[in-house]
Amino acid sequence: MVFQVLSHFVKQSFFLPNPRLTEENLPNQSGRVFIVTGGYAGVGDQLSQILYSKNGTIYIAGRSKEKAESAMVRIQKAHPSSKGRLEFLKLDLGDLTTIKPAVESFLSQVSRLDVLINNAGVMFPPIGSKSTQGHEMQMATNCLGHFLLARLLSPVLERTASAAAPGAVRIAWAASFGVDALSPKGGVSFDKDGAFEAHGSNNQVNYGATKAGNLFLASQFARKPPIAADGKGMVNVAFNPGNLRTELQRHSGKLEVWVVDKLLLNPAILGAYTELWCGWSEDVKPESNGAYAWPWGRFGPVRDDVEAELADGGKAEMFWRWCEKETRAFA
């Protein structure tokens, strides 16, 4: 396993191929509607800028109206000729009570959704950090909130897909190299009752579990419901955006951030290109449903023990059932 993790690390961190899809070759997005969680900072901000520059309608989802409005003004000034639209969608992924009202607000304004980018996340908060509902904070924000959001938006995604080109309507789920390097054996740990079991003293392991969790959710959404025989269904892709310089490092120590930054980190725009490829590239087809993407836009494997859990009856299915149980009261 160690050799495989090192091999994946090198292949996902060094000598990477150039991005295949950027603002230079992305087609016009007029008439299409997108949601980007955390779309006012880091990678999400960069992606929102690209989509707006191509005349798309982007709903920037997050907690801070102030940060969103500041980002929207900046994006609009940078692209004054755009015919696109930017809107703020207020939700807190760490509080499940906010998800359904956000979806209802969105659906009161538009009748289609072409791409949902589950971009937002939290990494290495203080040990013991909990969500509003008492879940481990990383699991709540990175997985449970996004799971509920995707479930509630699935009907409009499916309706949009029924009238769109095959494979054009998608959900992209943020994983990371943490799937390989940090997640426990099999990706996610469960207790005897089938509930997610957080590591009590190692938030890196918990973070890795959330990234494996998002891979699991992409694989399960790809099966529920199965994609239509004619390809007229939504396509799910999980992705490692790459080693990036973003706000995710805000909970790390200064020395750790400095060393990692100098040796490994890349500009956030490259992570946006990974997300852009997952959500908009013609290389992603109906048969790609449930696949995993590497930086800066290509398919790749994950650790063998995690890959094995994607099969019927594996931990991916268990994780889906747990997420369903924990969010049912808020749907």
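The salt-bridge rule, under which a side-chain nitrogen of Lys or Arg lies within 4 Å of a carboxyl oxygen of Asp or Glu, gives a count of 11 salt bridges. The structure is a predicted model, in which local features need pLDDT of at least 70 and side-chain atom pairs count only at pLDDT 80 or more, while totals for chains, interfaces and linings use all residues. Residues are numbered from 1 along each chain as its sequence is written, and side-chain values use heavy atoms, with hydrogens and water left out.

**Salt bridges**

- R32 and D114 meet through their side chains in a salt bridge with an N to O distance of 3.5 Å, and this pair links distant parts of the chain, 82 residues apart, since R32 sits in the loop between α1 and β1 and D114 in the loop between α4 (99–109) and β4 (115–118).
- Both R32 and D114 are buried, where buried means under 20% relative accessible area, exposed means over 50%, and partly exposed covers what is in between (1.4 Å probe, protein chains only).
- R74 and D45 form a salt bridge at 2.9 Å, N to O, and because R74 belongs to helix α3 (residues 65–78) and D45 to helix α2 (residues 42–53), the pair ties together parts that are 29 residues apart in sequence.
- The helices and strands named here are DSSP runs numbered from the N terminus, with helices being H or I of at least four residues and strands being E of at least two.
- R85 and E87 form a salt bridge in which the closest N and O atoms are 2.9 Å apart; R85 is partly exposed with a relative accessible area of 33%, and E87 is partly exposed with 24%.

**Second largest pocket**

- The second largest pocket holds about 340 Å³ of space, a volume being the space filled by probe spheres set on grid points that are joined across faces, edges and corners.
- A pocket here is an open set of points on a 1 Å grid over the protein atoms alone, with protein on both sides within 12 Å along at least five of seven lines, in contrast to a cavity, where a 1.4 Å probe fits but cannot get out; lining residues have an atom within 4 Å of a point.
- The lining of the second largest pocket consists of 21 residues, and those nearest its centre are A168, R170, W280, S281 and E282.
- Helix α9 (residues 268–280) gives the most to this lining, with 3 residues.
- By residue class, the lining of the second largest pocket comprises 10 nonpolar, 5 polar and 6 charged residues, with Ala, Val, Leu, Ile, Met, Phe, Trp, Tyr, Cys and Pro taken as nonpolar, Asp, Glu, Lys and Arg as charged, and the others, Gly among them, as polar.

**Nonpolar surface patch**

- V10, F14 and F15 make a nonpolar surface patch of about 350 Å², patches being built from residues with over 30% relative accessible area and no salt bridge, with like charges joined within 9 Å and nonpolar side chains (Val, Leu, Ile, Met, Phe, Trp, Tyr) joined within 5 Å.
- Accessible areas come from the Shrake-Rupley method with a 1.4 Å probe, and for residues only the protein chains shown count as cover.
- F14 is placed in the loop between α1 (2–13) and β1 (33–37) and counts as partly exposed at 33% relative accessibility.
- F15 also lies in the loop between α1 and β1, where F15 is exposed with a relative accessible area of 84%.

**Backbone geometry**

- F15 has a positive phi of about 55 degrees although F15 is not a glycine.
- F124, another residue other than glycine with a positive phi, has a value near 55 degrees; F124 lies in the loop between β4 and α5 (137–162) and is buried, with a relative accessible area of 16%.
- The peptide bond from P295 to W296 is cis, with omega near -15 degrees, and W296 belongs to the loop between β7 (291–294) and β8 (298–299).

**C-alpha separations**

- Y52, found in helix α2 and buried at 6% relative accessibility, has its C-alpha atom separated by 32 Å from that of G208, 156 residues apart along the chain.
- G314 is found in the loop between α10 (304–307) and α11 (315–327) and counts as buried at 9% relative accessibility, and the C-alpha atoms of G314 and F196, 118 residues apart along the chain, are separated by 14 Å.
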